[in-house]
Amino acid sequence: MAEGRLRTLGNRALEEIEALVGCPAEGVSGIRKDDDGWVVLVDVLEMERMPATTDVLALYEVTLDGDGEVSGYRRVRRYLRSQVEDR
């Protein structure tokens, strides 16, 4: 998979999730191929707070079909910007 194709898929997911949930997308955390197309993980700013370390963000899983069209999405988790995932 060419890097340009991944960038295109990531940008599509960013634009669509912003339109769907009405909150600014901050970036792509991951992209993977699955049996039906692609799954893109997008971080979204759901609530801006002061200080910024207490902003509420959410991780969304956006599914795209083989043609790169969004076919679904779901919120996977919510977290504070200052939280570090321990895995």
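Colleague: What is the relative accessible area of Tyr 73?

Modeller: The model is a predicted one, and the value is computed from its atoms. A residue counts as buried under 20% and as exposed over 50%. Tyr 73 is therefore classed as partly exposed, since its relative accessible area is 41%.

Colleague: Is Tyr 60 buried or exposed?

Modeller: The cut-off for a buried residue is under 20% relative accessible area. Tyr 60 has a value of 5%. On that criterion, Tyr 60 is therefore buried.

Colleague: What is the angle between the planes of Tyr 60 and Tyr 73?

Modeller: Searching the whole structure gives 1 aromatic pair. The pair consists of Tyr 60 and Tyr 73, with 6.1 Å from centre to centre. Tyr 60 belongs to strand β3 and Tyr 73 to strand β4, so that the pair links parts of the chain 13 residues apart. Planes under 30 degrees apart would be stacked and those over 60 edge-to-face, so the pair is tilted, with an angle between the planes of 45°.

Colleague: Which elements each supply at least two residues of the largest nonpolar core?

Modeller: This core has 13 residues, and those with the most contacts inside it are Ala 13, Ile 17, Val 42, Val 44, Val 62 and Leu 64. Val 42 touches, among others, Ala 13, Ile 17 and Val 62, not counting residues up to four places away in sequence. β3 is mostly covered, with 8 of its 10 residues buried. The elements that each supply at least two core residues are α1 (3-21), β2 (37-47) and β3 (56-65).

Colleague: How far apart in space are Glu 26 and Leu 57, C-alpha to C-alpha?

Modeller: Glu 26 lies in strand β1 and is partly exposed, at 43% relative accessibility. Beyond its neighbours within four places in sequence, Glu 26 is in contact with Asp 43, Val 44, Leu 45, Leu 57 and Arg 81. Glu 26 and Leu 57 are 31 residues apart in sequence, and the spatial separation of their C-alpha atoms is 9.1 Å.

Colleague: At what distance from the ring centre of Tyr 79 does Arg 77 lie?

Modeller: Lys 33 lies over the face of Trp 38, at 5.0 Å from the ring centre. Arg 77 is likewise placed over an aromatic face, that of Tyr 79. For Arg 77, the distance to the ring centre is 4.2 Å.

Colleague: Which residues does the cis peptide bond join?

Modeller: Most peptide bonds are trans. In this model, Pro 51 is found in the loop between β2 and β3. A cis peptide bond with omega of about -5° joins Met 50 and Pro 51.

Colleague: What is the phi of Gly 68?

Modeller: Most residues other than glycine have a negative phi. Gly 68 is in the turn of the hairpin formed by β3 and β4, which has 4 residues between the strands. The phi of Gly 68 is positive, at about 85°.

Definitions and conventions:
Residues numbered from 1 in each chain as written. Predicted model: local features only at pLDDT ≥ 70, side-chain atom pairs only at ≥ 80, totals over all residues. Heavy atoms only, no water. Core = buried A, V, L, I, M, F, W, Y, C linked by side-chain atoms within 4.5 Å. Buried < 20%, exposed > 50% of the residue type's maximum accessible area, 1.4 Å probe, protein only. Contact = heavy atoms within 4.5 Å. Pairing = 2+ DSSP bridges. Phe/Tyr/Trp six-rings, centres within 6.5 Å; stacked < 30°, edge-to-face > 60°. Lys NZ or Arg CZ within 6 Å of the ring centre and 35° of its normal.
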